[in-house]
Amino acid sequence: LIAPGQQQGMAEAGDLLFLLDSSGSVSYYEFSRVKEFMWDLVQPFTFGPKDVQASIIHISTTPTMEFPFDRYQSSRSLQQAIRDTRQLMGDTNTGKALSYAKEKLFSGEAGARPDVPKVLVWVTDGFSTDDISEPMQLLKDMGVTVFIVSTGRGNYLELSAAASQPPEKHLHFVDVDDLTIITKELQDSILANRLHAVDITSSSFRLVWPKLLSQETGYYTLEYAPVDDLAGKRTNQVSGAHTSFMLSNLAPETAYEVALIPESNVHYFPPQTTRVTTLAEEISPAQVFISESGPHSFRVSWAPTLDSVVSYQVLYGPLPGNSVKLLEVGGERNGTMVENLAANTTYLVTVTAVYRSGKERSLSAKACTQEGDQRTQPSYWGGMSERESRSFPMNNT
C-alpha cells in the first residue's frame, strides 16, 4: 500500500480496513491509545480513488462500519474521522465482525474496489466471544493480507494461525502504551506485502513482491508501460517460484505503471500495481583528474563509471599544437596510463563517454609532464574544463 523511498505522499492502490475492538472489554483509555496508533499509521499514505482507501469496522455485539472506503480522500480528513470515532461497547463478537468485513472488503456499495490488494489490520486485546478461525481463513483465501496487533494476553497459537504467514511479520504483541514502537515496523511490513521497486537507477529498477505462488501453483504476468504512453505496454511472464524481476533498458526520469498479475490455479490473488519513476540520467565523466605524472607519462582517471557507458575515448595532445592521439578504453574501466609523452609539456586531455544509446559526453583537463625524473604525488588534480560534445550536451543540470 505504500511505496518505498518517499517521506510523504506514499501511495499505491489498495483497500485498508481496520478491525477495531470497540467492545466493553476495552477501557476508554485503551480505546483512545489505539485510535492514536491508527492515526499515526495512516499519516504517510496518499488517499484517493487511485491510491489508498481506508475504513473502520467496529467489533461489538453487532459489527458496524464507521464509514465507507471512499469517503475520505486525504490523510488529514481520515485522521480527523479516526479522532471522531466513538466506542460502541457491547460484546466482543470478532467472528461476526470478520464475516461482515469479508462482505464489505469486496462491496462496491461500501466503496471497496474489485481488483486492488486488501489489507486487514486487527487491533485486539486478545479476547473474543465467538470463533474467528473459519471467517479469518475465508478472508485469507480471498487474498486478504491480515495483520494482528494484540495489546492484551491473547492466545499466541490462535492469533498466529489467524494472521497471514509468516506470523513474525504479521503478528505483534505490544502493550497499549507502547504501540508507537511498532508503527514504523508495521508500515514496513505492509510495504513488504506489496509490489514495490528497489535499486532504482536512470535505466532500470528491480521489482519485489511477496511469495504468493510456487512453481507448481502458477506464474506471474508482469505488465509495464510509461505513464504517458500506456499503449506501449510490455509484458513478461515470470515463474511462480520467483519474487523479484529486474526491468532494464528504461528511459530516464520517466514514470512507469507496473502491474503484477498472479495467475494461480489454486486461489484468486488480485493484481498488484505500483508506479515507479526512474532517476535522472547519471553523467559520466563527471570528474577527470590527473595523477602519477612523470616526464613521459601520466594517469588519467574519471568518475563515475556507469553500466550505460560502452567505452571511453581519451583524446590528448600538447598545448599549443594540433597533434592529437586517441586511446580507446572499455566502459568498465575508470582510468588509463598515457605514455610516450614529451617532458615538461602541458597536455589537453579530453575523456569522452560513449553511451549505449549512442549519446556522448566529454570532459577535459590539463596535465603537465615533469622535467627529468621528477614525479608528482598521486591525485594531482588537473585544470578542469568542459566542451560540448557532438550529440550529448555537457551541462551538469
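Accessible areas here come from the Shrake-Rupley method with a 1.4 Å probe, and for residues only the protein chains shown count as cover. On that basis the protein has an accessible surface of about 18,900 Å², 49% of it belonging to carbon and sulfur atoms.

This is a predicted model, in which local features need pLDDT of at least 70 and side-chain atom pairs count only at pLDDT 80 or more, while totals for chains, interfaces and linings use all residues. Residues are numbered from 1 along each chain as its sequence is written, and side-chain values use heavy atoms, with hydrogens and water left out.

Seven helices and 21 strands make up the secondary structure; these are DSSP runs numbered from the N terminus (helices H or I, at least four residues; strands E, at least two). Of the 397 residues, 48% are buried, meaning under 20% relative accessible area with a 1.4 Å probe, protein chains only.

The whole structure holds six aromatic pairs. Rings of Phe, Tyr and Trp (its six-membered ring) pair if their centres lie within 6.5 Å; planes under 30 degrees apart are stacked, over 60 edge-to-face, and the rest tilted. Two of the pairs are listed here.

| Pair | Centre to centre | Plane angle | Class |
|---|---|---|---|
| Phenylalanine 298 and tyrosine 347 | 6.0 Å | 65 degrees | edge-to-face |
| Tryptophan 302 and tyrosine 312 | 4.9 Å | 40 degrees | tilted |

Phenylalanine 298 in strand β15 (residues 298-303) and tyrosine 347 in strand β19 (residues 346-355) are 49 residues apart. Phenylalanine 298 is buried at 0% relative accessible area, and tyrosine 347 is buried at 6%. Tryptophan 302, also in strand β15, and tyrosine 312, in strand β16 (residues 309-318), are ten residues apart; both are buried.

Conventions: Buried means under 20% relative accessible area, exposed over 50%, partly exposed in between (1.4 Å probe, protein chains only).
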